[in-house]
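Please open the structure in your viewer and keep the selection panel at hand.

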Amino acid sequence: MSILVTGGSGFIGSHTCVELLNSGYDTIILDNLCNSKSESVKRIKEITGKDVKFYECDIRDREGLDKIFAENSIEAVIHFAGLKCVPESISDPLSYYDNNIGGTVTLCQAMAAAGCKKIVFSSSATVYGSENPSPLKEDMPEGKTTNPYGTTKLYIERVLKDLYASDNEWSVCLLRYFNPIGAHKSGRIGEDPNGIPNNLVPYITQVAIGKLDHLNVNGNDYPTPDGTGVRDYIHVVDLALGHIKAVEKVLGETGCNTYNLGTGTGYSVLDVVNAFEKANNIKIKYEIAPRRPGDIATCYSDPSKAKEELGWVATRDLTEMCEDSWRWQSNNPRGYEE
Ligand code: NAD
Ligand code: UD1
């Protein structure tokens, strides 16, 4: 029996595959490599000393999916595959709706046809929108999303909830991630963004390595302690371990459950800059810039439901996140391109 990991060569997927293999699960990766490299699969094998089957396949390719389900005995799917760039989703919404929503529908159709009805899905804190106050709890109403990327996450959650309502044999876990950063301790796998990073920590590591001149801090006039945006940063290995607990949940019982995966602590942009400087003894040049459209002041989780029902808590602190992000970036200045 195997676990199929869609998007398994990407940032969060690769770290989750390592933890799946370390926990003894046979693991199969499906990825179309639109935002990752097959080198990460090699490194997953290197870190774990275990073999992984890899299929270069698109989740919209029904024939390809049917073949994978026919060739393997797949018990559950962890579904990471999707496009995730917010500005790109605004300029090219159809690609996001097609890839993320269309792809998930095709994947679920192939799963149903193969009799595999257990899925763990990568959702996002973005579904809470801007109206809910932090700490965010799973029973709060979903908010208004501010970009097509966020809308795809909201709609996919609805698709999966409707699927469970139509057929109670399904077992669905919707995981709402807060802000994943950090990297595996080995420094061999990590986040490898294309072009100039949109997200804070990859931007900071590229300033640290000299690829970018300085960080633009997007606004210092938010109603937060130091005026800069507050987020719930979570180490990607803690996030990966949350998926192991979620897989155990979907393997063990049917149902449709939603969980926040966060630490429950908010840090500002300047807190992260200071923590990175201290952890790695590197100065990060920054300038205060205008607010980024669509950003909210504060977003952090109440992670107690995942603790109570999955037995999962994040244990790695911001210092460790900063050390591990930097180890990955400094050991791999050009990401997976040697
Ligand atoms: P990533 O881009 O590194 O990984 C996604 C992987 O999916 C990539 O390897 C890409 O090649 C693959 N992919 C995309 N479309 C595909 C398709 N049609 N068929 C097959 N493979 C496809 O991103 P990540 O940071 O690892 O994120 C994983 C998931 O978690 C995504 O769904 C993302 O939206 C979600 N998420 C990420 C964050 C974050 O901050 N990184 C936050 C919340 C949610
Ligand atoms: C962003 C996305 C979110 C997505 C997540 C993961 C937006 C509005 N939100 O979340 O939908 O799920 O990434 O891909 O894009 N910052 C700077 N300078 C920078 C970059 C960021 O000051 O160069 C600040 C931001 O204003 C924010 C914080 O750092 O306050 C974190 O930003 P980021 O890492 O992009 O994450 P989110 O905005 O939380």
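## A tour of helices and ligands

Begin by selecting helix H7 (residues 200–208) together with helix H9 (residues 269–280), whose axes come within 11 Å and cross at roughly 40°; axes here are lines fitted to C-alpha atoms, for helices over the stretch in contact, with angles running from 0 to 180 degrees between N-to-C directions, and helices are DSSP runs of H or I with at least four residues, numbered from the N terminus. Because of that angle H7 is oblique to H9, oblique being the class left over once angles under 35 degrees count as roughly parallel, over 145 as roughly antiparallel and 65 to 115 as roughly perpendicular. This is a predicted model, in which local features need pLDDT of at least 70 and side-chain atom pairs count only at pLDDT 80 or more, while totals for chains, interfaces and linings use all residues. Residues are numbered from 1 along each chain as its sequence is written, chains are lettered from A and ligands numbered from 1 in the order in which they are written, and side-chain values use heavy atoms, leaving out hydrogens and water.

Next, show the side chains where H7 and H9 are in contact, meaning heavy atoms within 4.5 Å: Leu-200, Val-201, Ile-204, Thr-205 and Ala-208 come from H7, and Val-269, Val-272, Val-273 and Phe-276 from H9.

On the H9 side the contact is made by Asp-271, Val-272, Ala-275, Phe-276, Ala-279 and Asn-280, and on the H11 side by Leu-318, Thr-319, Cys-322, Glu-323 and Trp-326.

Now select ligand 1, which is surrounded by 28 residues, the closest being Ile-12, Asp-31, Asn-35, Ser-36 and Tyr-149; a residue is counted if one of its heavy atoms lies within 4 Å. A polar side-chain atom of Asp-31 lies 2.6 Å from an oxygen atom of ligand 1, and one of Asn-35 lies 2.7 Å from an oxygen atom of this ligand.

Finish at ligand 2, where 19 residues surround the ligand and the closest are Asn-216, Asn-218, Arg-231, Arg-292 and Asp-295. Look here for a polar side-chain atom of Arg-231 at 2.6 Å from an oxygen atom of ligand 2, and for a polar backbone atom of Asn-218 at 2.8 Å from an oxygen atom of the ligand.

Key
Helices (H or I, at least four residues) and strands (E, at least two) are DSSP runs, numbered from the N terminus. A polar contact is a pair of N or O atoms within 3.5 Å; within protein, one must be able to donate a hydrogen and the other to accept it, and residues adjacent in sequence count only if both atoms are side-chain atoms.
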